[in-house]
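Q: I have a model open and would like to learn how to read it. Could you take me through it feature by feature?

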Amino acid sequence: MASSHFLCGQHLYSSSHGRTKISSFKKGGLFQSSSCRPNGSFSFDKKTQYQRTQLVKSMAADSKTGKKQVEIVYDPDEKMNSLADEVDKNAGLSRLSLFSPCKINVFLRITSKREDGFHDLASLFHVISLGDKIKFSLAPSKSKDRLSTNVPGVPLDDSNLIIKALNLYRKKTGSDKFFWIHLDKKVPTGAGLGGGSSNAATALWAANQFSGGLASEKELQEWSGEIGSDVPFFFSRGAAYCTGRGEVVEDVTLPIGFDVPMVLIKPPEACSTAEVYRRFRLDQTSNIDPQTLLEKISLNGISPDVCVNDLEPPAFEVLPSLKRLKQRIIAAGRGEYDAVFMSGSGSTIVGIGSPDPPQFVYDDEDYKDVFLSEASFITRAENEWYTEPFSTNNASAPSGLSYATE
C-alpha cells in the first residue's frame with residue numbers, strides 16, 4: 001500500500017491504510033493563524049511570531065520498495081492570494097482616503113483681458129507636498145452627500161467645491177452613489193495655493209474610483225473646468241504650463257528636483273482674488289514672454305528673474321503688509337533662498353531653497369499669527385493619485401487662524 005504525509009502549517013496529517021491522524025506541533029513550531037478581513041483580504045495573527053511554512057509537499061511512496069512515485073509542491077500563499085484577489089474583485093470599493101495637495105505658481109503672467117471679463121494667463125503651476133486629507137465612504141442614502149471637517153468656517157452644503165464635484169460627476173455619468181466625506185483641512189484659503197480646487201479634483205477622482213472608472217482622466221480634466229479654472233491642472237502629472245483662464249493644461253518636464261525645499265509664509269489676512277483683479281492694470285505687468293520664462297526654468301531651474309507674478313502689484317495694494325513681508329524675507333534671507341515670490345493672487349509668500357522661515361517671523365509680534373509650512377515639489381504617475389511624502393506637510397498655524405473654502 002502507498003502511504004502519504006502532508007506537512008501543512010502547524011499540523012502533520014498522516015494517512016495510512018485509509019486512516020488519518022492529526023498531530024499538532026508544540027510551541028516553537030511554524031504555524032500562524034490567519035483570518036479573513038471583511039473586505040476579502042487575509043491577515044495573519046500578529047500575536048504569533050513564528051515563520052509560516054511556505055511550501056506543502058505531498059509524497060506518495062510504494063510501501064514495498066520505498067521508492068518515491070509522485071511529488072507535488074504546493075504554495076499556500078499563492079492559493080490564498082488568488083482567493084483574496086477574487087473576493088476583492090467582487091466586493092467593490094466602500095471607503096477611500098486620498099491626499100489633496102495644493103500648488104504654487106512658479107511664474108504667473110497675465111497676458112490680456114478677455115471679452116467675457118476674465119483674463120488670459122500663462123503660468124507654470126506645480127503641485128507641492130502641503131495638502132489636505134479627504135476620507136470618502138459610500139453613504140447608505142441615495143439622495144444626499146454628508147460632509148464634515150476639522151476646522152470652522154467651511155461650508156458643508158452644495159456651495160462646497162467637494163459637493164459640487166460629486167454632483168458634477170453624477171450629472172456626467174449617471175452614477176447613483178452618494179458619500180460621507182470628512183475633510184482634514186491643512187491648506188489655508190485666500191492663500192493663492194488652490195486648496196479648494198484640489199479638493200474638487202480629488203473628489204472627482206474618488207467618485208470615479210467608486211464607480212469603477214466610468215470616466216477617463218481626460219474626461220475628468222475636461223469636466224472639472226466647469227467647477228473652476230484651476231481644477232483641471234490637478235489632473236496633470238503635477239507640473240504644467242497653463243494658459244487660457246488656467247484650464248488649458250500642458251504637462252511639462254522640468255529639472256526641478258523633488259528634494260528642493262521651500263517654505264510657505266502666509267499672514268492671517270487673505271487676498272480677495274476678485275479685489276486683486278479689480279486693481280490689476282495690464283500696463284503694470286512684466287513684458288517678458290512666458291515661453292522665455294519656461295525655457296529658462298527648463299535649462300537652469302528656479303532663480304529670482306524667472307519667478308515673475310503680475311498679480312503682485314495689485315495684491316500689494318490690497319494688502320500693503322504683504323509687500324513688507326516679502327521685502328523682509330528677502331533681506332533677512334541673505335541669499336538663503338533661490339527665489340522669493342507670491343503664489344497666485346496671494347497671500348502666500350514662497351521662499352525656494354530653504355525649508356526654514358527667517359528668524360524675524362518668530363521674534364516679531366506682528367507675525368505671531370502667520371501660517372508656516374515647509375514643502376517640496378511632487379508629481380504623480382498616470383492612473384494614480386497624488387500621495388503625501390512622509391517627511392513633508394509639516395505645517396503650523398496659530399489656533400486663531402480660520403480656514404474657508406476657495
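A: Gladly, starting with burial: a residue is buried under 20% relative accessible area, exposed over 50% and partly exposed in between (1.4 Å probe, protein chains only). Here Cys242 counts as buried, because its relative accessibility is 0%. Cys271 is buried too, with a relative accessible area of 5%. Across the protein chain, buried residues make up 44% of the 406 residues.

Q: What kind of model is this, and which rules apply to its values?

A: It is a predicted model, in which local features need pLDDT of at least 70, side-chain atom pairs count only at pLDDT 80 or more, and totals for chains, interfaces and linings use all residues. Residues are numbered from 1 along each chain as its sequence is written, and side-chain values use heavy atoms, leaving out hydrogens and water.

Q: How do I read pLDDT, and what is its mean for the protein chain?

A: pLDDT is the predictor's confidence in each residue, from 0 to 100. The protein chain has a mean of 82, and 74% of its residues reach 70 or more. Over residues 1-58, however, pLDDT is below 50; this stretch has 108 contacts (heavy atoms within 4.5 Å) beyond near neighbours in sequence. Residues 70-74 also stay under 50, with 15 contacts beyond four places in sequence. Where pLDDT is low, the predicted coordinates should not be read in detail.

Q: How many helices and strands does the protein chain have?

A: Helices (H or I, at least four residues) and strands (E, at least two) are DSSP runs, numbered from the N terminus. The protein chain has 9 helices and 18 strands.

Q: Which residues of helix H6 are buried?

A: In H6 (residues 290-300), these are Pro290, Leu293, Leu294 and Ile297. They are on the same side of H6 because they cover an arc of only 100 degrees around the axis, taken from the directions from the helix axis to the C-beta atoms. They pack against strands S8 (95-113), S9 (119-138) and S12 (239-243). On the other side of H6, Leu299 and Asn300 are exposed.

Q: What do I find at the start of H6, and what follows the helix?

A: At the start, a side-chain oxygen of Asp289 reaches to within 2.9 Å of the backbone nitrogen of Gln291. After H6 comes Gly301, with a positive phi near 80 degrees.

Q: How should I read polar contacts, and what does the side chain of Asn208 contact?

A: A polar contact is a pair of N or O atoms within 3.5 Å; within protein, one must be able to donate a hydrogen and the other to accept it, and residues adjacent in sequence count only if both atoms are side-chain atoms. Asn208 lies in helix H3, and its side chain makes such a contact with the side chain of Tyr169 (2.7 Å). Asn208 is buried, with a relative accessible area of 4%.

Q: How many aromatic pairs are there in the whole structure?

A: Rings of Phe, Tyr and Trp (its six-membered ring) pair if their centres lie within 6.5 Å; planes under 30 degrees apart count as stacked, over 60 as edge-to-face and the rest as tilted. A search of the whole structure finds 9 aromatic pairs. One of them, Phe235 with Trp385, is tilted, at 5.7 Å centre to centre and 55 degrees between the planes. This pair links distant parts of the chain, 150 residues apart.
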